[in-house]
Amino acid sequence: MLWGGNDHDLGATRATAPVRRPALRRVLGLTLTTALALALGSAPLAGASADPVAAPVAGPAAARTSFLAGADKPTAVAVASDGTTFVGFRNGGTLARLSSQDDALTPLVLDQPDPVTDLEVSGKSLWIYYGRSVTQMTFDGVVKKRWLLRPEVWCPASVRDPGLYGGIAVQGRTVYVAQRCGTKLQAYTTGGILLASTDLPGTKPGGGLAYVPGSKGVPARVVVALPGQGTLAAYDAATLSDGDKPRTQVRLPKVADGFSPMPTDLSADKLGQLAVLDAANNAVFMMDGGNDYTSYRTLGHPAQASAKMGWLDLPTAIAQHPQDGTKRAGNLYVADTRNGRVQRWSNGGYSFWASTVEPGSDNPAADEPWACGTDDLLINRGAKYTVTRRVMLQVATPEGADTIEIANNKAFEDSWTTDVKDSCIYDWYTSFSGRVFVRFPGSGTDAVWRDAIVVDTVAPRITSAKARWVRAEKTWRLDVAGSDKKSGLGTIEVSRTRSKVAVSQKWQNVLKNADGRVFTWVRAVDKAGNTGPWRAVKQPDYS
């Protein structure tokens, strides 16, 4: 196709360069560079502090941030395996929906009116991240789970542009969140139990994130866009823990005659290939996660902005269709924010369609849907194990109680007293015994609530592993032994390269497989969820 048509891989040859549109370099009378700086919090707004959310405060005096697009412009996008596209907006309340042929469907009414910060499709579920809470729902809007971030954060629509900051990724039973109104990368269970929390590099929030499968000897990683730094930060997914540091940090390529890079979102396919949005330069960079995140293709005609199909104007979100062998396999769905549309591209640079999207007119009630649930004290919603001493307590407030007292012993020594919460949820650090005691002073009852959980912070290890060929059965056999001091061995994983798990199953001391190459590396996961290190499998001696 011609440069001005549907093909926009920069590997193509263009006869003439399009002219920049000066009007698109102005936002509210400011140059685009200044507007980006304002949104990133590096320059003060009139009458505001230099960093609008350095110290969030509630009420009318709260500092506000600038937004690069209107509240009715798309800020989040996700795609299901059947090609249905879900689109979120800063004004919240509803999602636009498009069919696989880009026909407009009935908007989906959400459970919260808060800004839609990011969307993720995992299996048959749609995950919505609002900035302070997360909801899992079916594709037709039935809520399955919803929970608040821990600790609770104040994150109204007036701070931190949801088009630039915050993200969610779901892999198996783990939900990864880059805070919009904070600077942390966090890992949760699908039920909202906090597993790990670590500060991202720099002082600004992260943007979108993606779970990147292992490839070419590189283990599976969680990669976070850092809009304020123009970089990506990559963390090992299996070992992400409190205070963890990125294994690598990669700067986006510079665009000739463009602006400083500003990555806002990314997606990853099953081969570890990334598609990274650069909102400042209207570009999508294809990067190889198994080769030092090298950029090998650029889409979108950077740095020029245009409303033509195949071009972009401040793209802020991207999703990728599963690689399932269908015609849509690997296709990219881009929230072309300032153009108010979603585009579907191939990852090689072909534009299939560009569809204008608008939020629905319905809006859910602005209530607090966090039910207190049971009258009993529950640690991590009744979980049996935890991999960290940081836990979440849930207990209903008895009639007349204004304060709650929490301790790790029945004598309430070194206890902590605080006001009761409407959510009935409290963050707490338990001792290694895992026992927690609660009472409500001044409530008219002397009752004490108690619960316990197994605190297992130590990863299991493989003590021996040996492979051999069993001629009578015509198969390979792995004999393995492991140890775990607390919760016990739960899962065994084997791999050819350590970057991608070939087999994962309930712990057994003997595994069999026709392909002996999968018995090259082995590791254990305990019942609490701690993942041990890889150990090389001893191979037969044919000398």
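Close-up 1. R160 is buried, at a relative accessible area of 1%. Buried stands for under 20% relative accessible area, exposed for over 50%, and partly exposed for the range in between, with a 1.4 Å probe and protein chains only. This is a predicted model: local features need pLDDT of at least 70, side-chain atom pairs count only at pLDDT 80 or more, and totals for chains, interfaces and linings use all residues. Residues are numbered from 1 along each chain as its sequence is written, and side-chain values use heavy atoms, with hydrogens and water left out. R160 sits in the loop between β10 (143–148) and β11 (167–171). Strands (E, at least two residues) are DSSP runs, numbered from the N terminus. A separation of 8.5 Å lies between the C-alpha atoms of R160 and P205, which are 45 residues apart along the chain.

**Close-up 2. The disulfide of C155 and C181.** The structure holds one disulfide, a pair of cysteine sulfur atoms within 2.5 Å. C155 is joined to C181, S to S 2.1 Å. The link of C155 and C181 is right-handed, with 70° about the S-S bond. C155 lies in the loop between β10 and β11, and C181 in the loop between β12 (174–178) and β13 (184–189), so the pair ties together parts that are 26 residues apart in sequence. Both C155 and C181 are buried.

**Close-up 3. The largest nonpolar core.** This core has 17 residues. A nonpolar core is a set of buried Ala, Val, Leu, Ile, Met, Phe, Trp, Tyr and Cys residues joined through side-chain atoms within 4.5 Å. V223, L232, L266, L274, V276, M287 and Y293 have the most contacts inside the core. At least two core residues come from each of β15 (209–212), β16 (221–226), β17 (231–236), β20 (273–278) and β21 (283–288). β21 gives the largest share, three residues. Beyond four places in sequence, V276 touches L232, L252, P263, D265, L266, A283, V284, F285 and M287; contact means heavy atoms within 4.5 Å.

**Close-up 4. Two aromatic pairs.** Eight aromatic pairs are found in the whole structure. Rings of Phe, Tyr and Trp (its six-membered ring) pair if their centres lie within 6.5 Å; planes under 30 degrees apart count as stacked, over 60 as edge-to-face and the rest as tilted. F86 and F139 form a tilted pair, 5.5 Å centre to centre with 35° between the planes. F86 lies in strand β4 (residues 85–89) and F139 in the loop between β9 (133–138) and β10, so the pair ties together parts 53 residues apart in sequence. F86 is buried at 1% relative accessibility, whereas F139 is partly exposed at 22%. The rings of Y333 and W353 have centres 6.1 Å apart and planes at 65°, so this pair is edge-to-face. Y333 belongs to strand β24 (residues 332–336) and W353 to strand β26 (residues 351–356), 20 residues apart. Y333 and W353 are both buried.

Close-up 5. Strands β38 (residues 489–495) and β39 (residues 501–506) pair in the antiparallel sense over five bridges; pairing requires at least two DSSP bridges. E493 stands opposite S504 in β39. Five residues lie between the strands of the hairpin, where R498 takes a positive phi near 75°. R498 also lies over the face of W521, at 4.2 Å from the ring centre. A charge sits over a ring if NZ of Lys or CZ of Arg is within 6 Å of the ring centre and within 35 degrees of the ring normal.

Technical notes:
Helix = DSSP H or I, 4+ residues; strand = E, 2+ residues; numbered from the N terminus.
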